[in-house]
Amino acid sequence: MQYATITGWGKCVPPATLTNQDLSTFIETSDEWIKSRTGISQRHISHVNTSELASLAAKRALAAAGIDGSELDMIILATASPDTLIPNIASTVQANIGATCAAFDINAACSGFLYGLGLASSQIKSGQSRKVLVIGAERLSFYLDWSRRETAVLFGDGAGAVVVEASEIQGGVLGYELSNDPEGRDILKANFGSAMDRFSADSLDFFIQFEGQEIFKRAINGMNKLSVKVLDKCGIDKDAVDLVIPHQANERIIDTLVSKMKIPKEKAFVNIANYGNTSAATIPIAICDALEKGLIKPGQTILSCAFGAGLTSAALLFKW
Ligand code: ACO
C-alpha cells in the first residue's frame, strides 16, 4: 500500500504590500470597514507574472523535500490567473525547475489547490506517480478594477507549493471530496482570458465581480457539507481534528464555518490579515505559515477546505 505524504513546501509572496490605509487614499473605504468585514489588513501585489511566483514557490518546496525537479512525475498548477492560457503555465514552471514530466494547469478557482492535491494523492496511491508537485498561484491584482471598492479590497497575489511523495509510512492524504454547483456559476465571475473579452459590451465584465452575501452563505454551506462528508468517509470524528486550514476569503466565513461544525475557533488557522484572498494560493501559503509557527506537528490530523467560483467546493483530510 502506498501513502501520499507531503514532504516539501514553499511559498512566494511578493514583497510590495498595499495596506487598507493605502487603499483608502484612492477609493471610498476605510481600515475599519475592511478589517471588521473581512479580517484583512494588507495584501501583497506582484509586479511579476503568476508563473514566476509559482516557480519560486516550487523551487523552495523542492529544496525542502530535498529532491530535484528532474525527479518529478507530474506538476499540477492550480490558478485562475495564468499569464498565458496556451501554453499552460505549469510548462513554464517545469522549464524553470528542470523537470521533464507531465505538467498541466487546473482552474477550480479558490478550490484549485485542494482539487490538485486530491488528484495528486490519487495518482500516487494508484501507483501511477511517485513524486508530484502541486502549486497554487495567483496574480489577481492584475484582474481587479481598482476603482471598485467591493472587489478591490479583498484580493492579493502569491503562490504556494507542496511536494507529495509515495511513502510506505501510514498517513499523508487520508481522503478528499470535491464538488461543483453549476447553478451558482454566475454569482462569481470574470471574463478575462475568455474568447468573449473583445466582444463584451460592458468592460466591467472583464474584471472579477460577485454577489458577496450569496457567496458568503454558499461558501459556509459548501465547505461544511464536504468537510462532514470527508470526515465520515475516513471514519474520523470532528473532535479528532487538530487543525483546520480553510481557504482564506473572509475571516467571518471561517468563524461561522467552525462554529457550524462545532469545532473550537482556536483550531482554525487564519492568516488572511497579511495576504487577503489569494484564491488557489491561500491554502499552500497557510500550510507554510502554520508550519513556520510550529502549529503543525507530527501525528496531527488536519482538515482543509475551500470554496470558489464554479461554484467549486473541496475538503481534504491529511495526517502530518
Ligand atoms: N469599503 C467601504 N464600504 C463598502 C466596501 C468597502 N470596500 N464595499 C462595500 N461597501 C459598502 C456597500 O456599498 C454597502 O453600502 P450600503 O449599505 O450603503 O449599500 C455596505 O458597505 C455593506 O455592503 P455589504 O455587501 O452588505 O457588506 P457585507 O457585510 O456583505 O460584506 C463582503 C461584503 C466582505 C464582500 C462579504 O459579503 C464577503 O466577504 N463575501 C464573500 C467573499 C467573496 O465574495 N469572495 C470572493 C471570492 S470567492 C471565494 O474566495 C470563496
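**Exercise 1. Check the span of helix α5 (residues 112-125) against its number of residues.**

Solution. Start with the ground rules: this is a predicted model, in which local features need pLDDT of at least 70 and side-chain atom pairs count only at pLDDT 80 or more, while totals for chains, interfaces and linings use all residues. Residues are numbered from 1 along each chain as its sequence is written. Helices (H or I, at least four residues) and strands (E, at least two) are DSSP runs, numbered from the N terminus.

Step 1: the expected span of a helix is 1.5 Å times one less than its number of residues. Step 2: α5 has 14 residues, so it should span 20 Å. Step 3: its end C-alpha atoms are 20 Å apart, which agrees.

Now look at what surrounds the helix. A residue is buried if 20 or more other C-beta atoms lie within 10 Å of its own, exposed if 12 or fewer, and partly exposed in between, with C-beta atoms placed from the backbone. In α5, 11 of the 14 residues are buried, so the helix is largely enclosed by the rest of the structure. Among them are Phe113, Leu114, Tyr115 and Leu117. Just after α5 comes Gly127, with a positive phi of about 85°.

**Exercise 2. Repeat the check for α3 (residues 50-65) and find what covers this helix.**

Solution. Step 2: 12 of the 16 residues of α3 are buried, so to speak mostly covered. They include Leu53, Leu56, Ala61 and Leu62. Step 3: the cover over these buried residues includes β1 (3-12), β4 (74-78), α4 (89-97), β6 (131-139) and β7 (157-167). Step 4: Gly66 follows α3 and has a positive phi, near 75°.

**Exercise 3. Describe how domain 1 and domain 2 meet.**

Solution. Step 1: the domain assignment, which is automatic or from a database, gives domain 1 (3-170) and domain 2 (173-319). Step 2: their C-alpha centres lie 14 Å apart. Step 3: count contacts, where two residues are in contact if their C-beta atoms, placed from the backbone, lie within 7 Å. By that count, 46 residues of domain 1 are in contact with 44 residues of domain 2. Step 4: on the side of domain 1 that touches domain 2, β1, β3 (42-44), α5, β6, α6 and β7 each supply at least two residues. The largest share, seven residues, comes from α5. Step 5: sort that side by class, counting Ala, Val, Leu, Ile, Met, Phe, Trp, Tyr, Cys and Pro as nonpolar, Asp, Glu, Lys and Arg as charged, and the others, Gly among them, as polar.

**Exercise 4. Locate the shell around the ligand.**

Solution. Step 1: of the 22 residues around the ligand, Thr29, Arg149, Gly212, Ala249 and Asn250 come nearest; a residue is near a molecule if its C-beta atom, placed from the backbone, lies within 6 Å of it. Step 2: α2 (31-38), α6 (149-152), α7 (212-234) and β12 (301-308) each give at least two residues to the shell. The largest share, five residues, comes from α7. Step 3: the shell divides into 12 nonpolar, seven polar and three charged residues. Step 4: both domains give residues to the shell, so the ligand shell lies between domain 1 and domain 2.
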